[in-house]
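I opened my notebook to look through a protein model step by step.

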Amino acid sequence: MAKLTYKDSGVDKEKGYKEVELIKKIVKETHSKEVLTDIGGFAGAFAPDLTGIDNPVFLSGTDGVGTKIKLAMEMDKHDTVGIDCVAMCVNDILCQGGRPLFFLDYIATGKLNPEKMAKLVEGVARGCKEASASLIGGETAEMPGIYKEDDYDLAGFAVGICDRDKLIDGKSLKEGDIAIGLYSSGVHSNGFSLVRASMEQGGVSLDDRFSEEESIGEKLLRPTKIYAKEIKSLQENIDLKAIAHITGGGFYENVPRVLGDELGVDFDLSRLNLDPIFTKIQEWGNIDTDEMYHTFNMGVGMVVFVDENDKDLALDLLEGKAQVIGKVRSGNKDIKINL
């Protein structure tokens, strides 16, 4: 009877050790002074700086990249989806007024390729730098029999902090407040099952040209925008009433999450400069406009609500990266969109 080893079963521990060595420097570059441990320990230790915080509240968020991962695998380009993973988690924390503190990633794959996994973590680290969060730990699991050899999945978990008195919960939102839309960087990380189905129906491929500068695949792989700098600038200068991260479900599912039962919003998106990628997706799949707005961000990655008196200052602070797109009214969490 043959003597089996872990490697015989499809799990190569040596490659795992190699991956850790490849990513050590990348991860270290994300660490703030609040990080107390190096990569490789059993747990990441973090001592938050509580200066200016009298009553700390911790905020958490977890998410993945969804089927956008499939595009990265088909294009053999793995250095951007890590940014998406961070963005999907920390943008949710920003919605409650939190400062992102640290992030952990989880990668599962059929066969461990240290260089490919290092590219994924490189993207995660870039996202953490954009969010001013420390990457303090993670896990790469080699799972033959569950995933195909070259397949992988990526998920993450983030923790943030804010003072309880500064928690953004939408309770001060009132009729007449202004909705400002912060532009997205593209499709972000939601709706890619529909994107892929639309491309298949339209007979287009990732290698086809979207413009002179980039292919369709490169356009779709643009990472999700992280709004940490924009939200911080607004927090320091005005009273933010509520913030909605426009993810899966678009305006119709995400904006009601920050509204009281007695409020609704009228959106006017007729003057929004729509990213042409959404027009193309709609054309390829012959998708109804209503379905598009129920699925995608349609060019607005985040909506912030401010008092009308703060509107001009908010727009100045956002430096051309946003525009007024709506107004709060009485209602029942209902959303109306004028196109």
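**Ground rules**

I am working with a predicted model, in which local features need pLDDT of at least 70 and side-chain atom pairs count only at pLDDT 80 or more, while totals for chains, interfaces and linings use all residues. Residues are numbered from 1 along each chain as its sequence is written, and side-chain values use heavy atoms, with hydrogens and water left out.

**Entry 1: the whole protein**

I found 11 helices and 10 strands in the protein. Both are DSSP runs numbered from the N terminus: helices are H or I with at least four residues, strands are E with at least two. The radius of gyration is 21 Å, close to the 20 Å that the globule rule gives for 339 residues, so the protein is as compact as a globular protein of that length. (The radius is taken over C-alpha atoms, and the rule is 2.2 Å times the number of residues to the power 0.38.) I also noted that the C-alpha trace spans about 75 × 55 × 35 Å along its principal axes.

How many of the 339 residues count as buried? The answer is 50%. Buried means under 20% relative accessible area, exposed means over 50%, and partly exposed is in between, with a 1.4 Å probe and protein chains only.

Next I looked at contacts, meaning heavy atoms within 4.5 Å. Among those between residues at least 6 apart in sequence, 84% join residues at least 24 apart.

I looked up the UniProt record, where an unreviewed entry places "domain: PurM-like N-terminal" at residues 59–161. UniProt positions are given in the numbering used here, feature names are shortened, and annotations may be inferred rather than shown by experiment. The span 59–161 is 40% helix and 35% strand, and its end C-alpha atoms lie 6 Å apart.

I then traced an open sheet of 4 strands in the order 1-4-2-3, with mixed pairing. Two strands pair if DSSP finds at least two bridges between them. Strand 1 (56–64) and strand 3 (134–142) are at the edges with a single partner strand each, so one side of each is left without a neighbour in the sheet.

Strand 2 and strand 4 (residues 152–163) are antiparallel and share 10 bridges. One pair I found is Ala108 with Asp153 in strand 4. Helix 3 packs on this sheet and touches strand 1, strand 2 and strand 4, with its direction at about 30° to that of strand 4. Such angles run from 0 to 180 degrees between N-to-C directions, with axes fitted to C-alpha atoms, for helices over the stretch in contact. Helix 4 (residues 114–131) lies across strand 2, strand 3 and strand 4, at about 165° to strand 2.

I stopped at Tyr106, which is found in strand 2 (residues 99–109). Is Tyr106 buried or partly exposed? Tyr106 is partly exposed, with a relative accessible area of 37%. Leaving out residues up to four places away in sequence, Tyr106 touches Glu139, Ala141, Met143, Asp153, Leu154 and Ala155.

I went back to UniProt, where an unreviewed entry places "domain: PurM-like C-terminal" at residues 174–333. The chain there is 32% helix and 21% strand, with end C-alpha atoms 12 Å apart.

Here I traced 6 strands in an open sheet, ordered 6-8-5-9-7-10, with mixed pairing. The edge strands are strand 6 (240–245) and strand 10 (335–338), each pairing on one side only.

Strand 6 is joined to strand 8 (residues 300–306) by 5 bridges, and the two run antiparallel. Leu240 stands opposite Val306 in strand 8, and Ile243 has Val304 as its bridge partner. Helix 7 (residues 228–235) packs on the sheet, touching strand 5 (178–183), strand 6 and strand 8. I checked how covered strand 6 is: 6 of its 6 residues are buried.

**Entry 2: two positive phi values**

Where is His188? I found His188 in the loop between strand 5 and helix 5 (192–202). Its phi is near 65°, a positive value in a residue other than glycine. His188 counts as buried at 2% relative accessibility.

Met298 is in the loop between helix 10 (289–293) and strand 8. Phi of Met298 is near 55°, a positive value in a residue other than glycine. Met298 counts as buried, at 2% relative accessibility.
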